[in-house]
Amino acid sequence: MLPTLNLGGVAIQTYGLMLLAAFWLGLQSADFASRRLDMDPDDIWNAGFAGLIAGLLGARLFYVIRFIDVYAANPRAALALNVQDMVWWGGAVAALVAAGIYLASGRTSLARAADALVLGIAVAWAVAGLGAFFSGDAYGMPTTMPWGIDLWGARRHPVQLYEFVAGLAVAGLLWRLIPRRVFDGWLALVGVAALAGARMLVEAFRAAPATIGDGIRIVQVAAWVVMLIALAVLVWQERRPDQESSVPLQEGQSRV
Amino acid sequence: MQETTEQSNRSPYVTLLVLALIFGGLWIWQTRAPATSEASRVEAAAQREAMPQAGFPAPDFELESATGETVRLSDFRGTPVIVNFWATWCAPCRAELPAFQRVSDQYGDRGLTFLLLNQGEDAETAQSFLDELGIDMTTLLDRTGEVSGRYRVRGLPTTVFVRPDGTIHDVIVGGPLSEAKLTENVEILVR
């Protein structure tokens, strides 16, 4: 476990550093994928940074709205450079909307951009898992398996490393499937289904999960639903009467 | 018609969808977290060991206050406690103390206690610093750093939010903490 790096008397949190690395490596991976999809990689980077800026502003805006009484008494606090004062789901929505608007307003097909970005999301998930491993967050259940790690008073599933491996495996799968794309957006749907499926599997080993009913893990259910929706859309796309064929596209070729 | 039926039968997506529906549901059911499973019993045993991590019991400590009294964390069992590791030379610590005082004033009648654990300084230095800022909270002297070591503090300030049952709700490394962030966590503690 390496939760902080002490550099020149300043303690830098490794999880935060790894999240930054996840963002950059994710965009870099999407850049590589976009080149194989005959896209301009600049569109990916610009959409990524538009999403980042909108995400940070959106996350803070939602937080300020949530604690409006506190910020009304001290409005300058709304501009504080503090990443803790964020509503992350609000930031995610704002980031997706901003990136979507940027891509939709340009020459790039939104569906094809999603094909490139899903590969980046898989890589980012893997790196974020590594960050959680360093910080000791999101730890696993106790185990007697030989690959268990000693953490927080018990030998535990290295569930953060499972995430790392699963993210890289999905990214590798998507990379190999690029030449087999059937239509723009196909890789994104396959990627979302694969990522959600992997999350559903990995989440089973997480300690102290949020549950509903008889111990059912909420994150697993959410991932299961997302996976089923992605697969259902693939079925629907395949059965659309205007779908020309299931012959894979050539790299960079488009069929929406 | 027959051709369409054969085509749909061959569709890998339909097969995957059905498999995901069945095996996904089974997996979720099989891996749920019931209180009676072996893993949960082991987990519960592990949880009994105090650890400076959310979800675990907060490590207990006994320290002398700046006014000479002996204070134990476990004395406050049944009420929410915020443990803050700080020092006078730490600028973010100084910046967040006024927000601590405001939140303390607001939630004091609901049992909220702040324990300010000064790191390595003497009582006079710590107390005169707090008096200057108008901070009126229990100040404890962790002279040898023994408690900060037990809490694996790697940077100042570090703030630990302890629920009334003695388990840790959250640990925030770094600062200054905003009043909003404090309020967000305190609202959970006093719920």
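Across the interface of chain B and chain A, 16 residue pairs are in polar contact, both residues being at pLDDT 80 or more; a polar contact is a pair of N or O atoms within 3.5 Å, where within protein one must be able to donate a hydrogen and the other to accept it, and residues adjacent in sequence count only if both atoms are side-chain atoms. The model is predicted, with local features needing pLDDT of at least 70 and side-chain atom pairs pLDDT 80 or more, while totals for chains, interfaces and linings use all residues. Side-chain values use heavy atoms, without hydrogens and water, residues are numbered from 1 along each chain, and chains are lettered from A in the order in which they are written.

Helix 2 of chain B gives the most to the side that touches chain A, with 12 residues. That side of chain B divides into 23 nonpolar, 10 polar and 8 charged residues.

| Interface quantity, chain B and chain A | Value |
|---|---|
| Residues of chain B in contact with chain A | 41 residues |
| Residues of chain A in contact with chain B | 47 residues |
| Area buried between chain B and chain A | about 3,600 Å² |
| Salt bridges between chain B and chain A | 2 salt bridges |

Contact means heavy atoms within 4.5 Å, and buried area is the accessible area (1.4 Å probe) that two parts lose on being put together, summed over both. A salt bridge is a side-chain nitrogen of Lys or Arg within 4 Å of a carboxyl oxygen of Asp or Glu. B:Glu184 forms one with A:Arg66, the closest N and O atoms being 3.5 Å apart.

Note on methods
Helix = DSSP H or I, 4+ residues; strand = E, 2+ residues; numbered from the N terminus. Nonpolar A, V, L, I, M, F, W, Y, C, P; charged D, E, K, R; others polar.
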